[in-house]
Amino acid sequence: MSIWWSLHLRREAASVPLARRLLIGAMETAGVDPETSYDLAVALSEACANAVEHGGDASTGYRVTALIDGDTCRIEVTDSGPGFADRPRRPRRHTARTAYVKAPASVHEEHGRGLFLIASLTDHVQVDNRPGHQGAVVSFDKILKWREGGPPAAALLRAS
């Protein structure tokens, strides 16, 4: 069994806590350990904040898709902004690759920590441009830890 959901959100700051709360609710229902849920929620908040800030003009939204499958949670945030200048727009490879994410130049910088935080809180991160379209795709996954005595949904997810 797996749990997945997808949202199309407006590029507004209020959309970030909405996506985070939905993720935390799904994690709690599935029986995921709260510390793991918190790490993923912070990573999702950073990815959504980047989409809100850099994701295109005000009329475009962004999409969040989350999948809990077995012991892994995969999250993807896609926007319609200018994308990443240093990455070509090409079809996605079927093999996973980890994006090179640099540490911020200074801890006192106001910007530039989002992708570094996502990479620090998750097991794998991939940063790409949308193939054939304008926009960026930030996806990340994390191996899940389960809450002791969690709900029956946790056993079903682990069995898949």
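**Contacts, burial and helix packing**

Modeller: Let's begin at Ser37: setting aside neighbours within four places in sequence, Ser37 is in contact with Met27 and Val32. This is a predicted model, in which local features need pLDDT of at least 70 and side-chain atom pairs count only at pLDDT 80 or more, while totals for chains, interfaces and linings use all residues. Residues are numbered from 1 along each chain as its sequence is written, and side-chain values use heavy atoms, with hydrogens and water left out.

Colleague: Thanks! What makes something a contact here?

Modeller: Two residues are in contact when heavy atoms come within 4.5 Å. By that rule Thr36 also has contacts beyond four places in sequence, namely Lys142, Ile143, Leu144 and Lys145.

Colleague: Why is Ser37 called buried?

Modeller: Buried means under 20% relative accessible area, exposed means over 50%, and partly exposed lies in between (1.4 Å probe, protein chains only). Ser37 has 7% relative accessibility, so Ser37 counts as buried. Thr36, at 3%, is buried too. In the chain, buried residues make up 41% of the 160 residues.

Colleague: Where do Ser37 and Thr36 sit?

Modeller: Ser37 is in helix 2, and Thr36 is in helix 2 as well. Helices here are DSSP runs of H or I with at least four residues, strands are runs of E with at least two, and both are numbered from the N terminus. The chain has four helices and five strands, in the order β-α-α-β-β-α-β-β-α.

Colleague: How do you know that helix 1 and helix 2 are roughly antiparallel?

Modeller: Their axes come within 9 Å and cross at roughly 155°. Axes are lines fitted to C-alpha atoms, for helices over the stretch in contact, and angles run from 0 to 180 degrees between N-to-C directions. Under 35 degrees counts as roughly parallel, over 145 as roughly antiparallel, 65 to 115 as roughly perpendicular, and the rest as oblique. The pair is therefore roughly antiparallel.

Colleague: Which residues of helix 1 and helix 2 meet?

Modeller: On the helix 1 side they include Leu23, Ile24 and Met27, and on the helix 2 side they include Ser37, Leu40 and Leu44. Ser37 and Leu23 are 14 residues apart in sequence and 8.0 Å apart in space, C-alpha to C-alpha.

Colleague: What makes Lys142 and Asp39 a salt bridge?

Modeller: A salt bridge needs a side-chain nitrogen of Lys or Arg within 4 Å of a carboxyl oxygen of Asp or Glu. The closest N and O atoms of Lys142 and Asp39 are 3.6 Å apart, and the pair is listed as a salt bridge. Lys142 is in strand 5 (residues 136-143) and Asp39 in helix 2 (residues 34-54), so the pair ties together parts 103 residues apart in sequence. Lys142 and Asp39 are both buried.

Colleague: How many salt bridges are there by this rule?

Modeller: The count is two. Asp141 and Arg74 meet in a salt bridge, with 2.4 Å from N to O. That pair links distant parts of the chain, with Asp141 in strand 5 and Arg74 in strand 3 (residues 72-78), 67 residues apart.

Colleague: Buried or partly exposed: how do Asp141 and Arg74 count?

Modeller: Asp141 has a relative accessible area of 15%, so Asp141 is buried. Arg74 comes to 29%, so Arg74 counts as partly exposed.
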